[in-house]
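I opened the notebook and the viewer side by side this morning. Here is what I looked up, entry by entry.

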Amino acid sequence: MPRINKTVVLALLTLTSSVFLLFQLYYYRHYLSAKNGSSVSNTRGGLSTEGSVQWQVVKKFLALTSSHGVPVYLVDPVVLGLILEDGLPLKNTENKVCKYLCTSREFTSFAVLENVWTDKGNLLKATEEEGFHWVEIRGKDPRLTGIDDLSGTEIPLHYIFKLKSHAIHLLLFYERSGNFLWHGPLRLRHGMDKKFVPFRKLQFGRFSSAYDRPELHLASLDGLDLLIPKDPAHFLEEASHSKFLECRYKEARAFYQVYPDDTSQDAVDFRMKAKALLHMAAKTLTGLGIKFWLSSGTCLGWYRQCNIIPYSKDVDLGIFIKDYKPDIIPAFQMAGLPLKHKFGKIHFSLIHPLLDRTSRSQGTGTL
């Protein structure tokens, strides 16, 4: 039996592997990427602005909102991500090649404060005259004047403006009493055209969300002047954990019917001080870049009765041990919350009770 040349065998194996690898790359590029949308390589636009439907639709939409005095701003995660890659400030004076607004996607997302868009009818009529088709998504207003007075009225939450093969998703942000911005979920009503746009691909609206009020910055993207968050990284980081859980007002009302609320002056004073303490602690931890949550009795009060438990006499927060840093104690001391006691160990139930010098209320941090 003739001996097999090892070199020939190795060459054949190498050639076969190379052909198989090239076939995989070809299949991914021409089939999988087409099936799942634009590939990573074409996320950043490379078309001319005049040849991009997305750019043309965004340009026309911005012209309409500007002429009607509606200060919309860009919140699109993909575009903001591309902006982060290039860094701020942006001075895109060369508009022959579309870098940001030609991403081969079906939507571009914008937002506006609802209370500054005072004349919705005129803008909606103007978009129709320019060839847009639009749909309004409404929902219940969760804001209330008291625990016994749920608003119950319907408010506009989202607008979709469609022109040609591209659509603008406009989120309406509402100001809430905690000095944050809120937008509601996108829920299609019975009878609405579910094929108007591919709603499942929208990047906002799967749930209610809450955001800090962003400082806005005027940028030039692909020859278009538009407002964007001055700190895109912070906005995108917020978006990753923005899901908002509304208080269970109906359950809280039922609880108070069985256990009447303590409305004594001591209870009112404590709740006021506790809420101020929560704001101070939240500001301090956020400044350190530490995520936290309501814990123990403070969390129970929110969940059960939508309020601070008046007889608890402290405020409870928790953080992950991996986020613990020595800077926490000095930062709280600077905010007027010196360390009162220290219990436990770093890797086993570490507790830091802190004392508010001004109100003598206690805040407890559990790790």
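**Helix α4.** I started with α4 (residues 120-129), whose buried residues are Lys120, Leu123, Leu124, Ala126 and Thr127. Buried here means under 20% relative accessible area, exposed means over 50%, and partly exposed is in between (1.4 Å probe, protein chains only). Looking down the axis of α4, I find these buried residues within an arc of 160°, so they line one face of the helix. The arc is taken from the directions that run from the helix axis to the C-beta atoms. On the other side of α4, Lys125 and Glu129 are exposed. The cover over the buried residues of α4 includes α2 (53-67), β3 (133-140), β6 and β7. For this I count a contact when heavy atoms are within 4.5 Å. Just after α4, glycine 131 has a positive phi of about 100°.

**Ground rules.** I noted that this is a predicted model, in which local features need pLDDT of at least 70 and side-chain atom pairs count only at pLDDT 80 or more, while totals for chains, interfaces and linings use all residues. Residues are numbered from 1 along each chain as its sequence is written, and side-chain values use heavy atoms, with hydrogens and water left out.

**Whole chain.** I get 9 helices and 16 strands for the protein chain. Both are DSSP runs numbered from the N terminus: helices are H or I with at least four residues, strands are E with at least two. Of the 367 residues, 39% count as buried. Among contacts between residues at least 6 apart in sequence, 66% join residues at least 24 apart.

**Helix α8.** Which residues of α8 (residues 296-305) are buried? I find Thr298, Gly301 and Gln305. Seen down the axis of α8, they fall within an arc of 85°, so they line one face of the helix. Their cover includes α6 (249-258), α7 (265-287), β12 (293-294) and β13 (314-318). I also checked cysteine 299, which at 30% relative accessibility counts as partly exposed.

**Disulfides.** How many disulfides does the structure hold? There are 2, with a disulfide taken as a pair of cysteine sulfur atoms within 2.5 Å.

- Cysteine 247 is joined to cysteine 306, with 1.7 Å from S to S. This pair links distant parts of the chain, 59 residues apart: cysteine 247 is in the loop between α5 (232-239) and α6, and cysteine 306 is in the loop between α8 and β13. The torsion about the S-S bond is -115°, and the link is left-handed. Cysteine 247 counts as buried at 11% relative accessibility.
- Cysteine 98 and cysteine 102 form a disulfide with their sulfur atoms 2.0 Å apart. The torsion about their S-S bond is about 95°, so this disulfide is right-handed. Cysteine 98 counts as buried at 0% relative accessibility, and cysteine 102 does so at 2%.

With the bonded cysteines numbered in sequence order, I write the pairing as 1-2, 3-4.

**Helices α3 and α5.** I looked at how α3 (residues 77-86) packs with α5: the angle is about 140° and the axes are 10 Å apart. The axes are lines fitted to C-alpha atoms, for helices over the stretch in contact, and angles run from 0 to 180 degrees between N-to-C directions. The two helices, α3 and α5, are therefore oblique to each other. In this scheme, angles under 35 degrees count as roughly parallel, over 145 as roughly antiparallel, 65 to 115 as roughly perpendicular and the rest as oblique. Where they meet, Pro77, Leu80, Gly81 and Leu84 in α3 touch Pro232, Ala233, Phe235 and Leu236 in α5.

**Positive phi at two lysines.** Lysine 164 has a positive phi of about 55° and lies in the loop between β6 (154-163) and β7 (166-176). Lysine 164 is exposed, with a relative accessible area of 57%. Lysine 313 has a positive phi of about 65° and sits in the loop between α8 and β13. At 47% relative accessible area, lysine 313 is partly exposed.

**Threonine 284.** At 12% relative accessibility, threonine 284 counts as buried. Leaving aside neighbours within four places in sequence, threonine 284 is in contact with Ala331, Phe332 and Ala335.
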